[in-house]
Amino acid sequence: MSTESISDRREHVRSVSVTALSALLGVGAAFASVAMAGDISSVEAANAAATDTRALLLVAGAILVQIVLYDFTGIYGDDEFGTKHYLYVAFMTFAFWFVPFGILLTAGGMS
């Protein structure tokens with residue numbers, strides 16, 4: 001009984017940690033993307049920032065940083081970090097980047 005609760009708690013802490021890091025890096029990449037775009041107060045500048053591929057490179061970098069960090073820290077322990085986990089990290093990071101980036105572009109930046 002106690003072994004199951006410890007294992008369940010470890011799984012819960014691990015899943016919350018992975019989700020929180022994906023969220024933080026995704027939102028951070030969104031703010032970095034807007035900062036990299038510069039002044040986006042006009043519609044033309046916001047459209048140019050939305051099609052800039054450097055923003056996608058920031059998201060890809062955030063995803064790669066997480067994967068390397070999970071391998072390095074051993075957060076998954078003996079469990080295998082499989083395809084499902086890679087897809088989860090990539091989707092969550094992209095989703096947490098896409099929404100704030102779109103909101104910031106629509107609102108006219110961080111000013």
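Modeller: Helices here are DSSP runs (H or I, at least four residues; strands are E, at least two), numbered from the N terminus. The model is predicted, so local features need pLDDT of at least 70 and side-chain atom pairs 80 or more, while totals for chains, interfaces and linings use all residues. Residues are numbered from 1 along each chain as its sequence is written, and side-chain values use heavy atoms, leaving out hydrogens and water.

Biologist: Got it. Are tryptophan 97 and phenylalanine 101 buried or exposed?

Modeller: Both tryptophan 97 and phenylalanine 101 are buried (under 20% relative accessible area with a 1.4 Å probe, protein chains only; exposed is over 50%, partly exposed in between).

Biologist: How many aromatic pairs are there in the whole structure?

Modeller: The search turns up 4 aromatic pairs. In one, phenylalanine 94 and phenylalanine 98, the ring centres are 5.7 Å apart and the planes sit at 20 degrees, so this pair is stacked. Tryptophan 97 and phenylalanine 101 are stacked as well, at 4.9 Å between centres and 20 degrees between planes. (Rings of Phe, Tyr and Trp, by its six-membered ring, pair with centres within 6.5 Å; under 30 degrees is stacked, over 60 edge-to-face, the rest tilted.)

Biologist: Where do phenylalanine 94 and phenylalanine 98 lie?

Modeller: Both are in helix α4, residues 83-107, spaced 4 residues or about one turn. Phenylalanine 94 counts as partly exposed because its relative accessibility is 35%. Ring pairs join Phe94, Trp97, Phe98 and Phe101 into a cluster.

Biologist: And which residues of α3 meet α4?

Modeller: From α3 they are Ala55, Leu56, Val59, Ala62, Ile63, Gln66, Ile67 and Tyr70. Their partners in α4 include Phe94, Trp97 and Phe101, with contact meaning heavy atoms within 4.5 Å. The residues of that contact divide into 13 nonpolar, 2 polar and no charged.

Biologist: Switching topic, how many salt bridges does the structure hold?

Modeller: There is 1 salt bridge (a Lys or Arg side-chain nitrogen within 4 Å of an Asp or Glu carboxyl oxygen). Glutamate 11 forms it with arginine 14, and their closest N and O atoms are 2.2 Å apart. Both belong to helix α1, residues 2-37, and sit 3 residues apart, about one turn.

Biologist: Why does glutamate 11 count as partly exposed?

Modeller: Because its relative accessibility is 36%. Arginine 14 is buried, with a relative accessible area of 7%.

Terms used. Ala, Val, Leu, Ile, Met, Phe, Trp, Tyr, Cys and Pro count as nonpolar, Asp, Glu, Lys and Arg as charged, and the others, Gly among them, as polar.
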